[in-house]
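Please read it alongside the sequence and the model.

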Amino acid sequence: MRASCAKFVDNVVLPYIKQNWQLEWSMKPEGRLPDEILVGADQIGIRTLGVPAEFGGIELDKGSEVKTFALISEEIARGDSGLADKLVQNWKVSVLLRNLAPKHLAEKWFKRLVEDPQFLLAHCLTEPSGASDRWLPYDVPEAAMRTKAVRTKGGWIINGRKQFISNGYDAGLYVVYATSQPGVGMTKGTSSFLVPRDTEGLTVARCNETLGCRFMNNGELVFEDMFVPDDHLLVEGTALAKAGVYFRPGKIIQAAKNLGVGVRCLEVTSDYVNTYVQGGRILIKHQAVALRIAEMATKIEAVRALVERAAQAVDDNAADADALCNMAKYYASEEILKVATHAVELHGGNGMMLDFGVEKLFRDAAIFPHMDGTVDISKFKIVKALYPATAGKYAGREE
Ligand SMILES: Cc1cc2nc3c(=O)[nH]c(=O)nc-3n(C[C@H](O)[C@H](O)[C@H](O)COP(=O)(O)OP(=O)(O)OC[C@H]3O[C@@H](n4cnc5c(N)ncnc54)[C@H](O)[C@@H]3O)c2cc1C
């Protein structure tokens, strides 16, 4: 699988990005990434990972599923981390659906996903009121989601909005979280729903123009008196706790995508310092340059080791899996950003030129600290997991 992904990245993705770098800046999201790229991902069998074989997906060995997700995410992100974002949302939401969706709906949506290479899934938690309270979680009534679901005859009426959603602009199916029981705290009063794109009352309000990962269209959604039938309820009340099946592999995948960006930084920088001459010698023969390269390579290997260890812990359902996932996610985001800084610095002025292509890696790397929880919130979660009795309270009323 790794070899076919590498071939796809080297022969299709990287040449496309190189030749079409201006398209990254097109303010028309529809045309940024051509359909053929997702068709290519489909042809090498990586688009429908996470979908059970009985529904036509590619089912991975459960004992190493998350490790395999990591390996493929890294490889695809080496080509383009926005493309990787697009694909991994499908895997992550598929895992959620296979665990939580009623069989007839799983069958319906997996069929759509398998049949249509352009079909995308999205997972909608974040709201304008902020996401950190959810990650902690800060379990008091006033921090509950503003998006509300009210029971009605035969289903639910949902009102509210979601922001910063990966694939939010393009997805065919959304998993939406909403407060269904106000006043009890988000861990007990949040429900999750399946919302097809054509649901009346759902508006895709806009595509966010992001700094990096620009080939994934991040979107904002508004729900106005949106009716969803009873069978579209995934989890009532305890949706945040049940989403663990999504978050754990999700953080490994984030870290692995981040690693892929770092690997590409080293690849292009290695080529540059072994060919470009200053001071009468190729750059790598200058000691200051060599030290930076050594640091880049070491950081990449350190991140890889932690990602592999954390992925194994998730596959084994180990007791320390939660802490390790957060460690891998935040550590990768900080270390790979330093790797990307070395990459642009060693390219000198070329490192800042859009058409040269190296600055894109820096921008892509800069996105990761905030994805799936900020660095600080991830650290809080690690300390909480390690010292549950003594860890501080990280949110509360102003005193
Ligand atoms: C490219 C991209 C893709 C994304 N995709 C998705 C998606 O698919 N689905 C989705 O639901 N969300 C998505 N998000 C949202 C992402 O999860 C959030 O941006 C992230 O969790 C941070 O939340 P926030 O932006 O609301 O920041 P806030 O929660 O408002 O935090 C702002 C700052 O305050 C700090 N802070 C907050 N609370 C505390 C505290 N108690 N103590 C100390 N410091 C604190 C934070 O660390 C941060 O520095 C995406 C974001 C990006 C950038």
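Is cysteine 207 buried or exposed? Cysteine 207 has a relative accessible area of 12% and is therefore buried (under 20% relative accessible area, with exposed meaning over 50% and partly exposed in between, for a 1.4 Å probe and protein chains only). The model is predicted: local features need pLDDT of at least 70 and side-chain atom pairs count only at pLDDT 80 or more, while totals for chains, interfaces and linings use all residues. Residues are numbered from 1 along each chain as its sequence is written, and side-chain values use heavy atoms, with hydrogens and water left out.

The structure contains zero disulfides, a disulfide being a pair of cysteine sulfur atoms within 2.5 Å. Cysteine 207 takes part in none, and the nearest cysteine sulfur, that of cysteine 213, lies 13 Å away. For cysteine 325, the closest cysteine sulfur is also in cysteine 213, at 20 Å, which is too far for a bond. Cysteine 325 counts as buried, because its relative accessibility is 1%.

Helix α11 (residues 321-346) packs with helix α12 (residues 358-367) at an angle of about 160°, their axes being 9 Å apart. Helices here are DSSP runs of H or I with at least four residues, numbered from the N terminus; axes are lines fitted to C-alpha atoms over the stretch in contact, and angles run from 0 to 180 degrees between N-to-C directions. The two helices α11 and α12 are therefore roughly antiparallel (angles over 145 degrees).

The contact (heavy atoms within 4.5 Å) involves Ile336, Leu337, Ala340, Thr341, Ala343 and Val344 of α11, together with Val358, Glu359, Leu361, Phe362, Ala365 and Ala366 of α12.

Terms used
Parallel < 35°, antiparallel > 145°, perpendicular 65-115°, else oblique.
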